[in-house]
Amino acid sequence: MNGVNFTTGVYLILTYSVGIIFVIGVLLRIYKYATTPQPVNIPLTPAPITSGGAFARVLGEVFFFKSLFKSNKPTWLFGYEFHIAFFLLILMHFLRHFIYANPLPWWYDIFVDIGIACGIIMLLSLFALMLRRVVVERVKFISLFSDYLILIILMLIATLGLSLNFLVGANNLTIIDNQLDPYMNGLMTFQFTNIPSNPYFLFHYSLVLLLILYIPFSKIMHFVGIFFSPTRVMADNPIEKRHYRPEAKDLSI
């Protein structure tokens, strides 16, 4: 790590450590999902009667949150808005820092405006989801500390991300961008440069690392778990086809 300052050295260690834990943690959770015994056929009916139909059903949940839409439309609205805005922000961060062009293309200002709009939508949606957990008694009753924690982390990430656009100032934001692009690309090429020293950015980046670290141990793993949920992925065909899982033979009924 020659040529980088102490702060950068610390964040390089943290970034790679979090990345390794994230990859290993996600793979272990996938292994656990894939090897969990499923001795009986338990699709949530009415369910498709073919494997292809069951897969299409899962895709409907992944892309449109169909069951949530049917059960609670306000929660669906806020949850769907959050997920769309969050996905777009991740995509835009990736494009900005790993497909880097200098000078910036003509569309970059539009790109920034869309990012700010997504950040505001994300923050407002998270606030509504937090309010739901505090105000709606039946939701409050089943809410755990971890449910509040993830919402707080995400709200802080969104708030600090927006603060970089509204509180830092154009000149300082340009300095951050000019330092951040080579730093992020250096993570991939192992040609390290100093991380931006702006405190708003460092706090934002630290919370992002905390979120990534927390994912394999939290309910956020539903983005993978949905593909292993027996009530969703199983076809409703117990008459046509006997369900059999060798690893679940001791649990068979």
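Student: By what quantities is a pair of aromatic rings described?

Tutor: A pair of aromatic rings is described by the distance of the centres and the angle of the planes. In this predicted model, the count comes to 11 aromatic pairs. One of them joins tyrosine 33 and phenylalanine 228, with 5.8 Å centre to centre and 35 degrees between the planes.

Student: Is the pair of tyrosine 33 and phenylalanine 228 stacked or tilted?

Tutor: That pair is tilted, because stacked requires planes under 30 degrees apart.

Student: Which parts of the chain does this pair tie together?

Tutor: Tyrosine 33 belongs to helix α1 (residues 6-35), whereas phenylalanine 228 is in the loop between α10 (222-225) and α11 (230-233), so the contact ties together parts 195 residues apart in sequence. Phenylalanine 228 has 27% relative accessibility and therefore counts as partly exposed.

Student: How does the pair of phenylalanine 201 and tyrosine 205 read, and where do these residues lie?

Tutor: Their rings are stacked, at 5.7 Å centre to centre with 15 degrees between the planes. Both residues lie in helix α9 (residues 199-214), 4 residues apart, which is about one turn of the helix.

Student: Are phenylalanine 201 and tyrosine 205 buried or exposed?

Tutor: Phenylalanine 201 counts as buried at 4% relative accessibility, and tyrosine 205 counts as buried at 8%.

Student: Which residues form one aromatic cluster with Phe201 and Tyr205?

Tutor: Tyr11 and Tyr183 form one aromatic cluster with them.

Student: Over which ring does the charged end of lysine 73 sit?

Tutor: The charged end of lysine 73 sits over the ring of phenylalanine 69, 4.6 Å from the ring's centre.

Terms used
Residues are numbered from 1 along each chain as its sequence is written. This is a predicted model: local features need pLDDT of at least 70, side-chain atom pairs count only at pLDDT 80 or more; totals for chains, interfaces and linings use all residues. Side-chain values use heavy atoms; hydrogens and water are left out. Rings of Phe, Tyr and Trp (its six-membered ring) pair if their centres lie within 6.5 Å; planes under 30 degrees apart count as stacked, over 60 as edge-to-face and the rest as tilted. Helices (H or I, at least four residues) and strands (E, at least two) are DSSP runs, numbered from the N terminus. Buried means under 20% relative accessible area, exposed over 50%, partly exposed in between (1.4 Å probe, protein chains only). A charge sits over a ring if NZ of Lys or CZ of Arg is within 6 Å of the ring centre and within 35 degrees of the ring normal.
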